[in-house]
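Please look over the sequence and the structure below before reading on. The report is meant for someone who is meeting them for the first time.

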Amino acid sequence: MITFIRKSLEEIGRNQRVGMWAWVMQRITGVLLALYLILHVIVISTSQQGTATFDWLASSLQSPGWLLLDVALLIGVVFHGLNGIRIIAVDFGAMARAQKAWLYAMAAVGLVLVAAGIWGILPKIVGHAL
Amino acid sequence: MWPWVLQRVTGILILGLIGLHFWVTHYAVPSVTFGGVVDRLRLPIWFHFDLALLAVILYHALNGVRTVVLDFNIGRRKAVFLDWGLVAFGVALLAFGSWALLPFRH
């Protein structure tokens, strides 16, 4: 496994193509999102401890630190989702030549979605500080 | 072949479902509260929506983890063990998630 990781890193170093990075990041964000899914279900399961516990946890997760992690989560989800669309488009072959064009188009859409998310979250972070 | 196709089908499906889920939990209501979830899950379709979303995402997530692990060439015996382990984990988390939603329905 160490050898695999080392070889992968060498491969990335040799061909500095964005597609390779996208492939690696798709896997890293995928594994992280799978771990988040487990955490998300555990958080929701505090419903079994009663209304007060659930509401206390829900409001605790509105602190600036957690909201910043929400931004990280949003970036991870948006990247994984949009890069997924690009992968499917490339899989259909017709898009193979336009692979990089897809990447930049997705980057543009992604930036808009992440900006919209931050626009929603920022007032909560600022409101907490005031 | 089929896991490959289903990973793409569930991926596209999740884009739409998660967008809707995000909207109803963070835009349709001011903040996440126990009472707010009760109000939403009062309609059975939302209860089933949440369970379906969890099931579809679990398939996508665990099949994704399987793909990543299999790329490390773990061998056939370990691969079979991995498959059944992931199925068991998926069923367990779906059951746990369903259990977590029950208090909102009483």
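What follows describes a predicted model, beginning with the contact between its chains and ending with a single helix.

## Where the chains touch

In this predicted model, 21 residues of chain A are in contact with 18 residues of chain B. On the side of chain A that touches chain B, α2 (18-44), α3 (51-60) and α4 (64-91) each supply at least two residues, and α2(A) gives the most, with nine residues. Sorted by class, that side of chain A has twelve nonpolar, seven polar and two charged residues.

## The nonpolar cores

The largest nonpolar core has 15 residues, of which A:V78, A:L82, B:I57, B:L58, B:A61 and B:L62 touch the most other members. At least two residues of this core come from each of α4 and α5 (99-129) of chain A and α3 (44-70) of chain B, with α3(B) providing the largest share, six residues.

B:A61, leaving aside its neighbours within four places in sequence, is in contact with A:L33, A:A34 and A:L37. A second, separate core of seven residues includes A:F54, B:A100, B:L101 and B:F104.

## The helix α4 of chain A

The 28 residues of α4(A) should span 40 Å at 1.5 Å a residue, and because its end C-alpha atoms are 40 Å apart, the two values agree.

The buried residues of α4(A) are A:V77, A:V78, A:F79, A:H80, A:G81, A:L82, A:N83, A:G84 and A:R86. Just after this helix, A:G93 takes a positive phi of about 80°.

Note on methods: Residues numbered from 1 in each chain as written. Chains lettered and ligands numbered in written order. Predicted model: local features only at pLDDT ≥ 70, side-chain atom pairs only at ≥ 80, totals over all residues. Contact = placed C-beta atoms within 7 Å. Helix = DSSP H or I, 4+ residues; strand = E, 2+ residues; numbered from the N terminus. Nonpolar A, V, L, I, M, F, W, Y, C, P; charged D, E, K, R; others polar. Core = buried A, V, L, I, M, F, W, Y, C linked by C-beta atoms within 7 Å. Buried ≥ 20, exposed ≤ 12 C-beta atoms within 10 Å, placed from the backbone. Expected span 1.5 Å × (residues − 1).
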